[in-house]
Amino acid sequence: MEIPDLVRDALGGEDVELGVNLGDEDVVCLTPTRTLLYRAEGLLSDEKVQEFPHDVEWLDVKEGRRKTKFILEYVEGTRKFGVPSNRDGAVLELLLTGILRADGVTDPDESVAGAFRFSELVLIVTDKRVVRHIGSAVWTEDYEEYPFSDLTGLSFEQGNVATEVVLEIEGRPKRIKTPNEQARKVQQVVENAVFDFYDVGSLEELNASIGVEEGEKAESEDSGGGSDIDIGGGIDPLVSDDEERSPSIDGPTAGGASEAATRAESQSRSDDDGDAATEPTGRQERTADAGGSRSTTTESTTRSQGSEAASQRDLDAVEAQISELTTAVERHNELLEQQQRTIKKLIEELREGR
């Protein structure tokens with residue numbers, strides 16, 4: 001990619017590490033401390049370079065049909081820029097590469113291999129670790145990281161609507177849910193990064209080389225209180241047809257989960273009554289012929305299987321409600337923390353003005 005002269009003048013001795021071509025000669029460039037956005041000369045505007053330092057308080061993204069907006073919050077204020085929607089993934093990875101380094105999450109030579117957004121969950125895969133963030137913003141100070149150097153196992157468990165990435169860290173599983181329609185891409189990125197880190201060629205070879213002994217695993221689970229189950233919120237991709245639309249803080253109430261649980265319990269009692277009704281009485285056993293007995297047995301089995309399927313659907317609904325409720329609580333906590341940071345900032349500014 002050719003670097004425009006105006007970008008070279010703005011580098012100030014730094015090097016361009018990565019670049020994304022936005023089309024129409026516009027480019028985004030990554031330096032060790034900043035992201036530079038170059039806009040070529042247009043009919044109504046002159047060429048210019050905007051800079052976005054990586055020491056951000058938080059990063060948010062709003063997606064539209066044609067344009068994606070990146071919103072960077074700093075101590076001194078907010079900066080924004082937009083890119084075509086078909087290039088937002090590459091720009092997000094570039095931005096996160098710089099932000100993670102500035103926050104001390106990754107090493108100076110560490111790069112982002114893939115970044116995925118599933119509703120409130122952001123999953124970032126680098127060449128040395130997996131980073132997980134949950135919240136209304138794409139990035140804040142609240143995150144969890146799982147270094148590959150601490151990995152003792154890797155697996156992928158597919159369900160009806162979601163696939164769990166299971167990272168065993170020192171014998172304890174960390175679970176991250178991803179929607180099935182993107183699960184294959186996530187698995188490829190995670191596997192490629194981990195395989196390169198350990199210089200192996202398959203999942204079996206990896207687990208054979210890094211797995212802990214069964215005795216050590218049991219001891220780790222006993223001392224650590226069992227497995228950690230990480231809930232990544234909803235699994236619907238955060239894509240909005242309205243460019244000005246922001247994530248909603250409204251979520252399901254506890255009553256919704258209770259109603260689903262009540263329906264499941266009611267269905268279970270109904271199933272028990274149905275099973276009892278299908279059993280033949282003593283008089284029926286004496287009067288029915290062999291063909292009638294086979295018919296009664298078949299009908300009873302069919303009803304029982306249908307009841308089990310209905311009960312499973314209700315249980316799945318309860319699990320989904322609980323997951324959504326957990327996401328709503330985490331979202332509200334994130335908003336409260338953001339408000340506290342704003343209040344603290346205002347207090348500091350008032351004190352400085354005295």
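Here are some questions and answers about the predicted model shown above.

This is a predicted model in which local features need pLDDT of at least 70 and side-chain atom pairs count only at pLDDT 80 or more, while totals for chains, interfaces and linings use all residues. Residues are numbered from 1 along each chain as its sequence is written, and side-chain values use heavy atoms, with hydrogens and water left out.

Q: How many helices and strands does the protein chain have?
A: Helices (H or I, at least four residues) and strands (E, at least two) are DSSP runs, numbered from the N terminus. On that basis, the protein chain has 8 helices and 14 strands.

Q: What share of the 354 residues in the protein chain is buried?
A: Let's settle the words before the value: buried means under 20% relative accessible area, exposed over 50%, and partly exposed in between, with a 1.4 Å probe and protein chains only. Among the 354 residues of the protein chain, the buried share is 40%.

Q: Which residue in β11 is the bridge partner of V131?
A: Strand β10 covers residues 129–134 and runs antiparallel to β11, joined to it by 4 bridges. For V131, the bridge partner in β11 is E145.

Q: Is E110 buried or exposed?
A: E110 sits in the loop between α2 and β8, and among the residues it touches are T97, R101 and T126. Its side chain also reaches the backbone nitrogen of D107 at 2.9 Å. With a relative accessible area of 1%, E110 is buried.

Q: How far apart in space are G135 and H332, C-alpha to C-alpha?
A: G135 is found in the loop between β10 and β11, and its 4% relative accessibility makes it count as buried. In sequence, G135 and H332 are 197 residues apart. In space, their C-alpha to C-alpha distance is 8.7 Å.

Q: Which elements do the buried residues of α4 pack against?
A: In helix α4 (residues 203–210), the buried residues are L203, L206 and I210. They cover an arc of only 60 degrees around the axis, so they lie on the same side of α4; the arc is that of the directions from the helix axis to the C-beta atoms. The face turned away from this buried side carries the exposed residues E204 and A208. The packing partners of the buried residues are β12 (151–158) and α3.

Q: Where is E25 found?
A: E25 is a residue other than glycine with a positive phi, near 70 degrees. E25 is exposed, with a relative accessible area of 58%. Its place is in the loop between β1 (18–23) and β2 (26–30).

Note on methods
Two strands pair if DSSP finds at least two bridges between them. A polar contact is a pair of N or O atoms within 3.5 Å; within protein, one must be able to donate a hydrogen and the other to accept it, and residues adjacent in sequence count only if both atoms are side-chain atoms. Contact means heavy atoms within 4.5 Å. Lists of a residue's contacts leave out its neighbours within four places in sequence.
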